[in-house]
Amino acid sequence: RYEMNLAAGVDRVIEVIVPRGGPMNDAGEWNLLIESSPNTQFHASDTLGLRKGLLPMQPYDLSVADSSQQLSNGPYRAQSLENTSHRIRISTDSPSTFLCLSAKRPCHVDVCC
């Protein structure tokens, strides 16, 4: 689990190193499940949480690529755009995968792979 603060208009890139020696699928690739959601210590979706001073949940984008160079303009392995929570499943034979998160408004998110 990785916690991060997304600044408005600034892309955050994470390199996910794929562990070797784990179970592979029939095609000789690793299956990755990438989940990202707002950090509930800072954000709330209900009025009670907002009354307590928590921030409203903000939509943000999550893009997945095989290299850091592909993050600027693609091609992407997968994208999930303008959602408050993301869940992406991919298969890869690459030793690492790159995630790019971007938001139009500041928000705090948790990322799990």
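## Salt bridges around Arg1 and beyond

Asp110 and Arg1 join their side chains in a salt bridge, with 2.9 Å from N to O. Because Asp110 sits in strand β10 (residues 107-112) and Arg1 in the segment before β1 (2-6), this pair ties together parts that are 109 residues apart in sequence. Strands here are DSSP runs of E with at least two residues, numbered from the N terminus. A salt bridge means a side-chain nitrogen of Lys or Arg within 4 Å of a carboxyl oxygen of Asp or Glu.

A quick word on the source: this is a predicted model, where local features need pLDDT of at least 70 and side-chain atom pairs count only at pLDDT 80 or more. Residues are numbered from 1 along each chain as its sequence is written, and side-chain values use heavy atoms, leaving out hydrogens and water.

By the salt-bridge rule, the count is five. Here are three of them:

| Pair | N to O distance |
|---|---|
| Asp110 and Arg1 | 2.9 Å |
| Arg1 and Glu3 | 3.1 Å |
| Arg77 and Asp66 | 3.1 Å |

Arg1, Glu3 and Asp110 are linked in a network of salt bridges. How exposed are its members? Arg1 is exposed at 66% relative accessibility, Glu3 is partly exposed at 44%, and Asp110 is buried at 10%. For these words, buried is under 20% relative accessible area, exposed is over 50%, and partly exposed is in between (1.4 Å probe, protein chains only).

Then there's the salt bridge between Arg77 and Asp66. Both residues lie in the loop between β6 (60-65) and β7 (78-83), so the pair ties together parts eleven residues apart in sequence. Arg77 is partly exposed at 34%, and Asp66 is partly exposed at 30%.

Definitions and conventions:
Helices (H or I, at least four residues) and strands (E, at least two) are DSSP runs, numbered from the N terminus.
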